[in-house]
Amino acid sequence: MRVDAGLAKLLGLSRTVIASIADADDVLVDGRVVGKSDRLTAGSMLEITLPAPPQPITVQAIPVEGLKIIHEDDDIIVVDKPVGVAVHPSPGWTGPTVVGGLLAGGHRVATSGAAERQGVVHRLDVGTTGVMVVAKSESAYSALKHAFKERTVDKVYHAIVQGHPDPIKGTIDAPIDRHPKHDYKFAVMQDGKPSITHYEVIEAFRAASFVEVHLETGRTHQIRVHFSALHHPCVGDLTYGADPTLAKRLGVTRQWLHARQLGFHHPADGQWVSYTSEYPDDLAISLEKLREEG
């Protein structure tokens, strides 16, 4: 394997990080400095000098415009996440976050988990809107993390995808891992993590289809990657091959993907609860445009 690909798997770091280490002459094979594109061979001695660990990421309590509270009690807080907001801070992200917005609003979140992800039990992409839950109590954090891991949570998304999926109701069972060439993307990969998406077309138009999606697993970019692999990317999702002309015609500036509904057993009493998020204006307007076109 190439040095960047092999060491990324060996160390669990991105290929970009490995490339920067190699560019600094900090990767040696049998005592010889190698570049990121050189090849690794079995039986060689690897010597790698790792960079200093990054500084801890802190959560800034900053109000987030458009962040709505759907439900709140002693254990959980259910929010409607607007577009352009990350769930929690991460390296390279300087924009607003759900966690920061909740803290700014005086809401308590659980202290379990990494400092920058306290209370977070699942995530939505920055460009994806909709319903999500954050744990307030430590017991709720443990219970919800377990529920997501065991797949007992009902996650329903609505999406508009290009073209017409065939069959109109089906399951996409294809493993996902980081894209071999682009760190910011993911792809269907033979040795990736198991990823299962159930979908059904609920309305068809000339150029696109309105689909309801039930996620069995929750990989990063899962819906976007799976529909792109079927050659039916989410409308507006230029990262995964969407048609920019169609996106512009409909006024869509990000992927048409919305976390519509979230159901789970409440961590306090075990009762099943379900919460729904309405479409934000940009998605609702583009959907009406499609209906008008027929």
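Which residues are linked with Asp4 in a network of salt bridges? The network joins Arg2, Asp4 and Arg15, a salt bridge being a side-chain nitrogen of Lys or Arg within 4 Å of a carboxyl oxygen of Asp or Glu. The structure is a predicted model, in which local features need pLDDT of at least 70 and side-chain atom pairs count only at pLDDT 80 or more, while totals for chains, interfaces and linings use all residues. Residues are numbered from 1 along each chain as its sequence is written, and side-chain values use heavy atoms, with hydrogens and water left out.

Asp4 belongs to helix 1 (residues 3-11), where Val3, Asp4, Ala5, Gly6, Leu7 and Ala8 are buried. Buried denotes under 20% relative accessible area, exposed over 50%, and partly exposed the range in between (1.4 Å probe, protein chains only). Helices (H or I, at least four residues) and strands (E, at least two) are DSSP runs, numbered from the N terminus. The buried residues of helix 1 pack against helix 2 (15-23), strand 1 (27-29) and strand 3 (46-48). Glycine 12 follows helix 1 and has a positive phi, near 75°.

In the whole structure, 12 salt bridges are found. One of them pairs aspartate 191 with lysine 9, with the closest N and O atoms 3.2 Å apart. This pair links distant parts of the chain, 182 residues apart: lysine 9 is in helix 1, and aspartate 191 is in the loop between strand 10 (186-188) and strand 11 (196-204). Both residues, aspartate 191 and lysine 9, are exposed.

A buried pair is formed by arginine 224 and aspartate 125, whose side chains meet in a salt bridge (3.1 Å, N to O). Because arginine 224 lies in helix 5 (residues 222-229) and aspartate 125 in the loop between helix 3 and strand 6, the pair ties together parts that are 99 residues apart in sequence. Aspartate 125 has a relative accessible area of 19%. Residues up to four places away in sequence being excluded, aspartate 125 touches Lys81, Val85, His221, Arg224 and Gln255, contact being defined by heavy atoms within 4.5 Å.

The side chains of arginine 260 and glutamate 278 also meet in a salt bridge (3.6 Å, N to O). Here the linked parts are 18 residues apart, with arginine 260 in strand 13 (residues 257-265) and glutamate 278 in the loop between strand 14 (272-276) and helix 7 (281-293). Arginine 260 is buried, with a relative accessible area of 18%, whereas glutamate 278 counts as exposed at 55% relative accessibility.

A nonpolar core is a set of buried Ala, Val, Leu, Ile, Met, Phe, Trp, Tyr and Cys residues joined through side-chain atoms within 4.5 Å. The largest such core has 46 residues, of which Val133 and Phe264 touch the most other members. With neighbours within four places in sequence left aside, phenylalanine 264 is in contact with Ile76, Val133, Leu144, Val153, Gln271, Trp272, Val273 and Tyr275. A second, separate core of 12 residues includes Val235, Leu246, Leu250 and Leu283.

An unreviewed UniProt entry lists residues 75-229 as "domain: Pseudouridine synthase RsuA/RluA-like"; UniProt positions are given in the numbering used here, feature names are shortened, and annotations may be inferred rather than shown by experiment. The end C-alpha atoms of residues 75-229 lie 39 Å apart, and the span is 17% helix and 32% strand.
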